[in-house]
Protein chains: 2
Amino acid sequence: MPVIMPVDSVGLVSPTTLHIDNPITLDCGRSLPSYDLVYETYGELNADKSNAVLICHALSGDHHAAGYHDMEDKKPGWWDSAIGPGKAIDTNQFFVVSLNNLGGCKGSTGPNSINPETEKIYGPDFPIVTVSDWVKSQSVLADQLEITQWAAVIGGSLGGMQALQWAISLPERLRHVLIIAAAPKLSAQNIAFNEVARTAIKADPDFHDGHYAAHDTLPRHGLGLARMLGHITYLSDEAMGEKFGRELRTGTINYGYDVDFQIESYLRYQSSNFVERFDANTYLLMTKALDYFDPAKDFDDDLTATMANIKAKCLVVSFTSDWRFSPKRSQEIVNALLNAGKQVSYAEIDAHQGHDAFLMSIARYLEIFQTYMQQVATECGDNT
Amino acid sequence: MPVIMPVDSVGLVSPTTLHIDNPITLDCGRSLPSYDLVYETYGELNADKSNAVLICHALSGDHHAAGYHDMEDKKPGWWDSAIGPGKAIDTNQFFVVSLNNLGGCKGSTGPNSINPETEKIYGPDFPIVTVSDWVKSQSVLADQLEITQWAAVIGGSLGGMQALQWAISLPERLRHVLIIAAAPKLSAQNIAFNEVARTAIKADPDFHDGHYAAHDTLPRHGLGLARMLGHITYLSDEAMGEKFGRELRTGTINYGYDVDFQIESYLRYQSSNFVERFDANTYLLMTKALDYFDPAKDFDDDLTATMANIKAKCLVVSFTSDWRFSPKRSQEIVNALLNAGKQVSYAEIDAHQGHDAFLMSIARYLEIFQTYMQQVATECGDNT
């Protein structure tokens with residue numbers, strides 16, 4: 001698609017697979033004897049390995065955060081707005097690492113992988129992985145890359161939760177943490193939306209209790225419904241109104257149960273697109289990882305105490321129209337960090353795009369992001 | 001259940017069926033040759049028939065708005081908080097009429113009725129009924145009851161839309177209109193939620209394109225999902241948080257895909273309850289009636305012009321935490337009424353219960369409601 005590659009793109013990139021033969025024990029008590037992590041890197045690691053940045057992805061993200069896999073690609077990686085030469089996460093200055101999380105469906109070991117112990121696909125038997133488990137597996141990747149300390153760990157939404165968990169669990173291993181459009185734990189309403197999505201997937205007769213691969217089917221309806229619903233929560237009422245309003249698809253009301261309004265046809269399109277590129281068991285797993293995330297649980301529900309060991313400097317960013325993880329939720333993180341005496345900057349960005357704003361080219365947001373990262377860059381030992 | 005009947009209850013009530021043999025032509029262009037309307041009444045009609053009040057129900061409501069059908073009933077009618085002797089809609093002063101809307105599933109002609117022309121159940125062939133069609137059919141009921149002018153037409157949510165449509169379509173036939181927790185039309189986000197609900201119902205293999213009765217099945221999963229989702233939008237994030245928080249059902253995380261949190265188990269209970277008492281084709285019809293409601297459409301999208309012919313005095317009520325139809329949406333109605341020079345009172349009630357607040361015993365709300373209705377009562381010609 002980019003007949004001429006944009007000058008601020010990381011350009012053509014390709015993923016690497018790291019096979020790890022050491023078992024990993026997960027929060028659920030089970031362990032994986034071995035596993036793969038697929039990752040991409042952008043930029044160059046400097047001599048003293050002090051300029052590495054880890055990108056953590058959200059629910060439906062993966063390792064392909066920036067650039068293009070080939071010249072025919074219609075779209076770049078999911079965070080291309082923020083990663084590239086001269087961008088907020090400047091690949092002229094940083095060595096950026098982006099991986100597909102354990103339990104994912106884009107190459108890292110997950111429900112679609114072969115269980116070496118049974119030589120069959122894991123399917124629904126793949127263990128539920130938590131945010132802490134991800135941090136643990138990401139630290140194994142860091143070890144392999146010989147990165148003892150990240151210049152920054154960065155993520156939005158569920159990615160922001162991983163970034164926060166890094167700062168809590170492995171305080172020595174990062175100098176900065178950027179927590180964008182996140183929350184310290186899900187609300188009952190957040191969990192409720194996830195439960196509707198899971199119920200939709202599980203009720204699909206093509207789901208076969210998660211063994212759809214063995215039946216050579218896909219739970220398209222269920223996963224599609226989950227995506228439609230998710231999509232509503234990613235956008236603000238205002239953004240949806242601006243984009244679609246009450247515009248009719250054919251200019252007239254049909255008095256039937258098929259599509260009348262543009263918004264309906266948009267949701268159907270989003271849904272049918274998604275089911276071809278994402279795995280239902282991974283979707284279930286990701287929603288449970290979200291539901292379970294609650295780092296204060298281990299600290300008597302005291303979020304300030306949870307933050308006590310953090311050594312990283314923090315940037316927290318929220319967006320005014322985000323109703324999935326509203327500014328109030330980011331402020332809970334900020335207040336706990338302040339109460340714990342940590343160094344924290346907070347930006348509430350005036351944006352009408354809802355939760356998805358964190359992925360978008362919003363000038364004020366990217367300016368603040370870039371300014372912060374420039375400061376991070378000056379602290380990197382060897383800026384070659 | 002009420003071993004002793006509460007003193008402020010309308011007591012034991014029973015529905016009446018009105019059979020109408022005159023055809024009704026609907027907005028979709030089709031007509032019903034004949035139809036039934038089931039209704040209940042509470043209180044006494046006065047001599048000059050000036051104290052009659054019409055109650056319009058919301059998406060899953062029906063004619064049973066107050067009192068009990070028998071002494072074993074676990075719950076009274078759906079608006080018992082507001083209707084009864086000494087209550088906001090005081091049955092010592094008003095003759096209250098509450099009907100099941102056309103297209104409903106509680107006795108009025110709807111998808112589960114027999115089509116007299118085919119002698120088979122209508123099912124999905126039942127025409128889509130609009131808010132205007134309901135007003136038309138409700139006016140036929142008024143004619144039969146010899147009520148030429150309602151003291152007030154009152155409704156919440158979709159019921160408030162019917163009340164507003166009464167004031168617009170038949171201005172001579174009501175002296176007051178009470179529009180509670182409503183909107184002048186659905187937003188793209190509102191429509192999107194309805195579309196997810198419809199998609200869930202239609203994707204259920206037991207739906208059989210709406211002919212589930214012929215297959216002796218019910219689309220339980222689909223309708224249940226629709227209800228779960230609806231329920232999330234009826235409650236505020238805050239109310240859900242207060243009621244359920246992140247409380248675990250068994251005190252511990254299961255690391256599985258079954259219920260972990262109380263909110264999940266509550267939603268499942270709500271859902272399984274609902275599918276036994278509501279019809280999926282009616283649910284589809286009701287959501288389309290909501291989507292299509294847009295009275296300004298006939299007035300070049302000018303809401304002020306839409307209000308021009310209204311003769312009723314108006315009370316508009318909204319609730320601070322209602323995010324389905326937020327106070328902003330009620331204010332659109334209020335502003336249009338004011339711009340059109342109409343007499344309107346507006347109350348924004350501080351309540352954390354979300355959209356469902358309109359059904360609840362909230363002191364400030366019921367006080368304002370009652371004070372307004374007392375004024376309506378003083379205007380009724382013959383207060384015997």
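How many of the 13 residues of helix 7 of chain B are buried? The legends below take this up in a predicted model, where local features need pLDDT of at least 70, side-chain atom pairs count only at pLDDT 80 or more, and totals for chains, interfaces and linings use all residues. Residues are numbered from 1 along each chain as its sequence is written, while chains are lettered from A and ligands numbered from 1 in the order in which they are written.

**View 1. Helix 7 of chain B, residues 280–292.** Here 13 of the 13 residues are buried, so helix 7 of chain B is largely enclosed by the rest of the structure. Buried means that 20 or more other C-beta atoms, placed from the backbone, lie within 10 Å of a residue's own. Helices are DSSP runs (H or I, at least four residues), numbered from the N terminus.

**View 2. Where chain B meets chain A.** Let's look at the contacts: 41 residues of chain B touch 41 residues of chain A, a contact being two residues whose C-beta atoms, placed from the backbone, lie within 7 Å. Helix 3 of chain B gives the largest share of its side, 12 residues.

**View 3. Helix 3 of chain A beside helix 6 of chain B.** Their axes (lines fitted to C-alpha atoms over the stretch in contact) come within 9 Å and cross at roughly 55 degrees. The two helices are therefore oblique to each other, a word for angles that are not under 35 degrees (roughly parallel), over 145 (roughly antiparallel) or 65 to 115 (roughly perpendicular). On helix 3 of chain A, A:A188, A:I191, A:A192 and A:E195 meet B:I263, B:E264 and B:L267 in helix 6 of chain B.

Note on methods: The expected span of a helix is 1.5 Å times one less than its number of residues. A residue is buried if 20 or more other C-beta atoms lie within 10 Å of its own, exposed if 12 or fewer, and partly exposed in between; C-beta atoms are placed from the backbone. Axes are lines fitted to C-alpha atoms, for helices over the stretch in contact, and angles run from 0 to 180 degrees between N-to-C directions.
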